[in-house]
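Work through the exercises below with the sequence and coordinates open. Try each task before reading its solution.

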Amino acid sequence: MKDPELRDNPPAPPGFVSGLHPRMPYDSQIHVNDMAHPDVHEVFREMRALVDEYPDRYTVGEITDHDLGVWASYYGDGDELHMPFNFTLMHEPWDAAAYRRAVEAVEAVVPDRSWPNYVLGNHDVTRIATRAGSPRRARVAMMLLLTLRGTPTMYYGDEIGMVQAPIPEDRIQDPWALREPGQGRDGCRTPMLWSSEGGDHGFGSEGPWLPFGPLAGVTGVADQAADPRSMLSLTKALLALRRAEPALHRGSFRVHDDEPSGCFAYRRREGEDVFLVALNFTSDPVDLDPGGAGTVVVSTEMDREGEAVSGSLRLRPDEGVVVRRR
């Protein structure tokens with residue numbers, strides 16, 4: 001909804017960058033009159049009222065606003081969107097403290113009767129495996145996404161650790177890149193690597209619409225499905241654990257009190273069931289006080305399941321673990 005009086009947007013001050021569309025004419029204005037007028041909330045309430053007449057329906061909105069208070073307003077009083085997409089983490093540096101601040105900020109503004117959500121990748125941003133800096137860190141990111149309190153949204157290819165791809169000039173598809181060289185998004189939109197064999201990776205002799213991304217350290221779905229320690233196997237293990245454990249799919253969230261520098265750790269609880277999630281964002285080992293005894297149920301390296309935890313928990317470089325507390 002726009003300003004009912006159709007007033008112009010005010011010009012942006014020199015050097016203003018919205019964070020949404022850098023280097024584009026969009027940033028020449030402050031967008032207060034051409035979008036998100038308060039009348040839009042009445043429209044969402046009308047849409048929600050209609051949707052609620054049907055069973056098992058769920059509304060998702062692509063709400064892009066860096067002010068989390070404004071973003072959270074789209075939940076309404078439980079009568080607007082079930083899930084306004086939360087893109088906060090996609091714009092944070094790979095840093096434990098930054099991620100912790102972002103998660104705590106979201107937890108602080110989500111209304112009591114609503115449910116948070118998180119997104120780490122989509123068709124507009126650099127692949128999380130590339131942003132984080134390594135395949136091992138991509139595993140840590142997946143553990144984060146699937147253990148936070150909230151609905152996760154996973155971008156295709158992230159479950160096998162696909163990385164950002166360079167696109168030759170003659171293969172560019174994105175209209176943005178065709179207008180402004182270097183600004184395209186095709187690098188995160190490359191075809192799914194279904195197979196590691198042959199040059200077509202499961203797409204047939206004609207090939208797909210974009211070239212395949214770099215294959216260094218990334219194998220296709222078929223190979224990863226057969227490897228019990230692959231990124232795909234980790235993703236499936238985390239999803240299975242999430243579904244099986246109420247503490248992980250509906251439990252409370254609390255930041256762990258004694259997390260060392262470079263580590264983001266938190267607890268998920270439902271009744272007497274407690275899980276500790278500890279994520280090492282650094283390339284150095286860290287030692288963490290788990291706050292009690294427990295057992296490792298999943299490690300990002302898929303090699304520590306069943307390991308007993310007591311007075312100290314060592315995280316290897318770029319490693320995450322889920323511990324069932326006793």
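**Exercise 1. Find the residues with the most contacts inside the largest nonpolar core.**

Solution. The largest nonpolar core numbers 57 residues. Leu89, Tyr99, Leu144 and Phe264 have the most contacts inside it. Here a nonpolar core is a set of buried Ala, Val, Leu, Ile, Met, Phe, Trp, Tyr and Cys residues joined through side-chain atoms within 4.5 Å. Buried means under 20% relative accessible area, exposed over 50%, and partly exposed in between (1.4 Å probe, protein chains only). Next, look at helix H5, residues 135-147: it gives the most to this core, eight residues. Helices (H or I, at least four residues) and strands (E, at least two) are DSSP runs, numbered from the N terminus. Another core, of 12 residues, lies apart from it and includes Ala265, Ala278, Leu288 and Val323.

This is a predicted model: local features need pLDDT of at least 70, side-chain atom pairs count only at pLDDT 80 or more, and totals for chains, interfaces and linings use all residues. Residues are numbered from 1 along each chain as its sequence is written, and side-chain values use heavy atoms, leaving out hydrogens and water.

**Exercise 2. Give the strand order of the six-stranded open sheet, then find its edges.**

Solution. The order is S5-S6-S7-S12-S9-S10, with antiparallel pairing. Two strands pair if DSSP finds at least two bridges between them. Strands S5 (252-255) and S10 (308-309) each have a single partner strand, so one side of each lacks a neighbour in the sheet. Now take S7 (residues 273-280) and S12 (residues 320-325): five bridges join this antiparallel pair. Leu276 stands opposite Val323 in S12. H5 packs on the sheet, touching S6 (263-270), S7, S9 (294-299) and S12. Contact means heavy atoms within 4.5 Å. The direction of H5 makes about 150° with that of S7. Axes are lines fitted to C-alpha atoms, for helices over the stretch in contact; angles run from 0 to 180 degrees between N-to-C directions.

**Exercise 3. Locate Asp289 and list what it touches.**

Solution. Start with the loop between strand S8 (286-288) and S9; Asp289 sits there. Its relative accessible area is 37%, so Asp289 is partly exposed. Leaving aside neighbours within four places in sequence, Asp289 contacts His256, Asp258 and Gly311. Finally, the Asp289 side chain reaches the backbone nitrogen of Gly291 at 2.9 Å.

Definitions and conventions. A polar contact is a pair of N or O atoms within 3.5 Å; within protein, one must be able to donate a hydrogen and the other to accept it, and residues adjacent in sequence count only if both atoms are side-chain atoms.
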